[in-house]
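Okay, thanks for coming, everyone.

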Amino acid sequence: MKHVTERPFAEPEAAARKLLELAAGIEPVQDGRIHIEKINYPFLYTLKATGAEFGAGIRCAVEKGWLELHESGTYVRLLTPGQDLLAPR
């Protein structure tokens with residue numbers, strides 16, 4: 001029998017907050033850019049999230065104005081600095 005494990009990032013806002021936390025811990029390169037793979041890899045492989053959870057988290061963060069995703073999809077920028085966004089709700 002296969003047991004279903006709890007998915008901590010199934011809610012898009014929870015995934016978005018974790019992505020913000022990861023992005024905040026990365027030193028931006030030119031013009032505040034954070035390469036997407038710098039947050040993608042730890043989210044998918046270290047935290048064992050899914051690609052769908054990553055996509056939903058990015059969309060949620062962009063919709064809420066927390067991240068800016070470049071049209072090429074290669075980098076993001078933090079838009080609203082501050083620890084208040086990183087606090088769990």
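So, to start: which residues in α1 meet which residues in α2? From α1 we have Ala15, Lys18, Leu19, Leu22 and Ala23, and they meet Ile39, Pro42 and Phe43 in α2. "Meet" here is contact, meaning heavy atoms within 4.5 Å. By class, that contact has 7 nonpolar, no polar and 1 charged residues. For the classes, Ala, Val, Leu, Ile, Met, Phe, Trp, Tyr, Cys and Pro count as nonpolar, Asp, Glu, Lys and Arg as charged, and the others, Gly among them, as polar.

Quick housekeeping before I go on. This is a predicted model, where local features need pLDDT of at least 70 and side-chain atom pairs count only at pLDDT 80 or more, while totals for chains, interfaces and linings use all residues. Residues are numbered from 1 along each chain as its sequence is written, and side-chain values use heavy atoms, with hydrogens and water left out. The helices (H or I, at least four residues) and strands (E, at least two) are DSSP runs, numbered from the N terminus.

Two packed helices are described by the angle between their axes and the distance between the axes. The axes are lines fitted to C-alpha atoms, for helices over the stretch in contact, and angles run from 0 to 180 degrees between N-to-C directions. Helix α1, residues 12-24, packs on α2 at an angle of about 125 degrees, and their axes are 9 Å apart. That makes α1 oblique to α2. On the naming, angles under 35 degrees count as roughly parallel, over 145 as roughly antiparallel, 65 to 115 as roughly perpendicular, and the rest as oblique. The crossing of α1 and α2 is right-handed; a crossing gets that label if the near helix is turned clockwise from the far one by less than a right angle, and left-handed if anticlockwise.

Next pair. Helix α2 covers residues 36-46 and helix α3 covers residues 51-63, and they pack at about 135 degrees with axes 10 Å apart. So α2 and α3 are oblique to each other too, and their crossing is right-handed. On the α2 side you've got Ile36, Ile39, Asn40, Phe43 and Leu44, which meet Gly51, Glu53, Phe54 and Ile58 in α3. By class, that's 6 nonpolar, 2 polar and 1 charged residues.

Pro12, Glu13, Ala15, Ala16 and Leu19 are the α1 residues here, and they meet Glu53, Phe54, Ala56, Gly57, Ile58, Cys60 and Ala61 in α3. The class count for this contact is 9 nonpolar, 1 polar and 2 charged residues.

Let's click on Phe54, which is found in helix α3. Is Phe54 buried or exposed? Phe54 counts as buried, because its relative accessibility is 10%. The cut-offs are under 20% relative accessible area for buried, over 50% for exposed, and partly exposed in between, with a 1.4 Å probe and protein chains only. If you leave out residues up to four places away in sequence, Phe54 touches Leu19, Ile36, Ile39, Asn40, Phe43 and Leu44. Its C-alpha atom is 9.5 Å from that of Ala10, which is 44 residues away along the chain.

On to the sheet. There are 3 strands forming an open sheet in the order β1-β3-β2, with antiparallel pairing. Two strands pair if DSSP finds at least two bridges between them. The edge strands are β1 (34-35) and β2 (67-69), each pairing on one side only. Between β1 and β3 there are 2 bridges, and Ile34 has Val76 as its bridge partner in β3. β2 is joined to β3, residues 75-78, by 3 bridges. Glu68 has Arg77 as its bridge partner, and Leu69 stands opposite Val76. The β2 and β3 hairpin has 5 residues between the strands, and Gly73 there takes a positive phi near 80 degrees.

Asp31, in the loop between α1 and β1, has a positive phi near 60 degrees. Asp31 counts as exposed, at 54% relative accessibility. Lys48 has a positive phi of about 60 degrees and is found in the loop between α2 and α3. At 57% relative accessibility, Lys48 counts as exposed.

That's my tour, over to you.
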